[in-house]
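Please go through the structure shown below.

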Amino acid sequence: MSLPTKTKTQSPPAGPAADSDAPLLAIEDLRTWFDTPQGIVHAVDGVDLTLERGKTLALVGESGSGKSVLGRSVMGILGSHALTPTGSVRIDGRELRGKSRKELRGLWGPVVSMVFQDPLTSLNPVRRLDVQLTEGMAVHLPLSKADRLARAVDLLRRVGIPEPERRLRMYPHELSGGMRQRVGIAIALACKPRLLIADEPTTALDVTIQRQILDLLAELQDLGGMGMILITHNLGVAAGRSDDIAVMYAGQIIEKGPTKNVFKHTRHPYTSALLGSLPRLEDPPHSTLAAPPGRPPVVVDPPRRCRFAERCSHAQARCLSEAPTLDQDTSAGTSVACFFPVGTGRGTDALKRNQEAGRTAAGLAVERSVA
Amino acid sequence: MAGSGNAHLREADDALLRVENLVVTYPTDAGVVHGVSDVSIDVRRGETLGLVGESGCGKSTLGRAMTMLREPTSGRVLFDGKDLTGLSREGLRRLRPRLQVIFQDPASSLNPRRTVRKIIAEGLEIWGRKPTPEVVDEMISAVGLDPAVVGERRPGQMSGGQCQRVAIARALMLKPDLILCDEPVSSLDVSIQAQILNLLERLRVDYGLTLIFIAHDLAVVKNISDRIAVMYLGKLCEVAPSGDLHRYPAHPYTRALIDAVPVADPEVEIVPMEIRGDLPSPINPPSGCRFRTRCPLATDLCAEREPEIREVRPGHYAACHYATTQPLPADAPTAEPVTV
Ligand SMILES: Nc1ncnc2c1ncn2[C@@H]1O[C@H](COP(=O)(O)OP(=O)(O)OP(=O)(O)O)[C@@H](O)[C@H]1O
Ligand SMILES: Nc1ncnc2c1ncn2[C@@H]1O[C@H](COP(=O)(O)OP(=O)(O)OP(=O)(O)O)[C@@H](O)[C@H]1O
Ligand code: SF4
Ligand SMILES: [Mg+2]
Ligand SMILES: [Mg+2]
């Protein structure tokens with residue numbers, strides 16, 4: 001929870017990695033809080049993450065869990081209601097916390113770039129697409145004007161925009177929502193970022209276009225070693241497109257690890273509930289979905305307890321008086337923040353106790369097991 | 001055009017709702033938009049019909065025309081055997097309680113100034129049948145909300161999932177025969193989506209409802225539907241029992257849709273998808289088969305002739321000159337050879 005505010009100016013940000021042994025991105029104990037009329041919202045509340053070059057980390061979780069705020073914290077774009085974040089965010093070993101707006105701007109584009117969840121926030125309504133696509137290139141890439149335009153056309157084509165030459169002269173409002181989202185992606189990729197934060201890059205798009213965009217991003221990673229944080233609520237997208245996955249709930253990461261392990265040895269009751277609530281094509285029609293009851297909380301003044309306890313079928317008295325920390329689970333090869341994880345002896349016993357009692361320690365009704 | 005014909009219609013007597021050769025066009029400054037072009041489909045009582053397809057393919061237009069929320073440009077809408085297209089305004093108004101609708105954005109379809117109890121009662125009040133407070137609270141409970149907690153709240157004080165439950169309760173108060181659900185879960189989180197899908201399924205059984213369920217998520221549609229119609233640019237591509245469609249897709253577009261669905265299992269390999277690009281303009285739809293400009297199988301024939309919808313397996317229909325049921329298990333029936 002330290003607050004490192006070293007603002008020593010270093011070599012030009014777009015230059016070679018400050019420390020080539022350091023991971024591309026390292027986040028430690030990041031806290032981003034907002035001052036709201038309802039109180040202090042703990043939108044991101046103690047997050048640790050690392051991402052290696054060329055890899056994809058999927059950040060999943062339901063609405064309000066803090067995914068976008070985490071992404072925007074890395075960029076340093078938080079708005080006026082945010083309290084100064086604490087913790088550390090390093091790219092190539094270089095601390096970003098405490099950098100001035102101007103210093104951060106120098107990083108946006110070639111070092112780190114973001115696809116915004118709402119494409120309208122990233123597009124300037126009164127400027128033509130050619131200007132918006134090429135302005136970053138003019139600063140960061142050694143290209144002539146003609147080459148910049150050619151690259152803009154190529155980018156638009158690759159994100160699946162028909163007639164890209166003609167569209168270059170258009171304004172954002174002349175495009176459909178799906179097109180605007182794709183233009184946002186093209187702009188984010190324009191300066192060949194080393195780290196891309198893609199916040200729900202394909203949510204407004206049809207599955208066929210989504211597929212095209214995800215293929216393109218994967219191709220760019222293979223070619224240029226771009227690292228990516230893929231923010232999505234779609235567990236299918238996360239499963240197919242990430243090396244590692246982190247599941248967020250109420251501002252915290254509650255489970256993370258290699259994607260294969262998290263899906264194969266799901267330990268957290270929340271992750272397990274999310275997977276259970278997905279309709280699947282293999283299941284017969286009219287299958288009942290295992291929906292967790294209730295909905296995620298907005299975190300104001302979090303009590304010391306597990307934030308998922310109210311909705312959790314495993315919850316015991318301990319979950320209501322103590323907050324679980326994200327610890328390694330060697331049997332699964334992941335990390336999990338739960339006292340009674342799924343697929344472990346402790347978890348199975350806890351569920352059994354609750355089923356016998358017909359309710360959890362938090363008072364949630366659980367289907368009684370037939371003894 | 002791409003996919004006409006009525007081979008997939010069932011006995012008229014069995015259908016609660018049956019539309020024949022529906023056409024809906026929208027005149028615009030840029031030209032006439034072909035929203036729905038010559039579509040026929042039926043729904044049996046107690047059945048759930050799913051409509052899937054890409055954004056702009058005409059799902060909402062078809063759903064609205066089927067329930068007479070928009071008068072079709074041509075074609076017939078038979079509800080309980082009676083053609084609704086000839087009905088007067090008053091005749092339609094009388095029928096409205098039996099044909100209800102739920103939309104994607106529940107918050108904006110509910111009056112923001114009224115309380116939950118008032119919203120749920122208002123539908124009936126229009127008919128001069130003021131429900132008792134007990135009946136209203138019973139309905140609030142039936143959709144999984146606590147009347148003591150939310151009864152006096154307004155839409156702005158509730159989450160999207162809660163608003164959707166209120167919209168469902170409001171529709172149910174009118175004891176409808178059929179509810180058109182236009183993307184009712186598309187803007188909800190997966191856990192809330194699952195709650196609403198389970199709720200709709202339970203209510204369908206308890207209240208003997210017939211549903212038309214629109215979504216762009218194939219897995220969601222499969223979960224809730226008995227029969228699925230896949231749409232493309234204002235036309236039907238394929239109509240199949242819900243359990244069959246993803247296992248034996250017969251239309252190349254359906255196959256592409258299925259291949260594109262991301263599967264929540266990292267062990268499942270991502271297979272290359274065969275189609276690229278967006279829907280063509282609905283103002284100038286391609287000649288012949290409307291899918292031909294993106295179809296991996298397209299030939300000259302597809303530009304010249306519109307494929308008729310035909311049965312490719314019992315109860316399974318597709319509108320493609322080269323419709324196939326591959327891969328099929330050894331004992332499954334095979335498709336008719338293509339006749340040109
Ligand atoms: N500028 C802000 N001021 C106050 N609260 C905010 C602000 N931005 C975000 N929050 C709150 O922080 C929490 C996390 O929000 P965030 O947008 O990160 O969620 P998310 O996981 O991206 O959700 P979604 O899936 O809906 O995009 C929410 O409770 C949100 O209301
Ligand atoms: N009122 C209207 N005026 C003009 N064109 C319209 C109108 N309503 C719909 N359209 C057009 O008709 C076509 C079908 O639209 P429709 O809304 O039925 O599609 P949809 O399948 O429901 O799409 P979505 O998944 O985006 O809801 C689209 O090209 C659309 O732009
Ligand atoms: S078992 Fe306890 S710690 Fe684990 S998720 Fe449930 S409530 Fe939280
Ligand atoms: Mg977000
Ligand atoms: Mg629609």
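Two strands pair if DSSP finds at least two bridges between them; helices (H or I, at least four residues) and strands (E, at least two) are DSSP runs, numbered from the N terminus. This is a predicted model, in which local features need pLDDT of at least 70, side-chain atom pairs count only at pLDDT 80 or more, and totals for chains, interfaces and linings use all residues. Residues are numbered from 1 along each chain as its sequence is written, chains are lettered from A and ligands numbered from 1 in the order in which they are written, and side-chain values use heavy atoms, with hydrogens and water left out.

In chain A, an open sheet of four strands has the order 2-1-4-5, with antiparallel pairing. Its edge strands, each pairing on one side only, are strand 2 (39-51) and strand 5 (94-95). Strand 1 (residues 25-36) and strand 4 (residues 86-91) of chain A are joined by five bridges. Opposite A:Glu28 stands A:Ser88 in strand 4 of chain A.

A:Ser68 (OG) and A:Gln117 (OE1) coordinate the magnesium ion (ligand 4) at 2.0 to 2.2 Å. This pair, 49 residues apart, links distant parts of the chain: A:Ser68 lies in helix 1 (residues 67-75) and A:Gln117 in the loop between strand 6 (112-115) and helix 3 (119-122) of chain A. Donors are N, O and S atoms within 2.8 Å of the metal (3.2 Å for Na, K and Ca); water is not among the atoms, so sites may look incomplete.

Ligand 3 is surrounded by 13 residues (a heavy atom within 4 Å), the closest being A:His268, A:Cys306, A:Cys312, A:Cys319 and A:Cys338.
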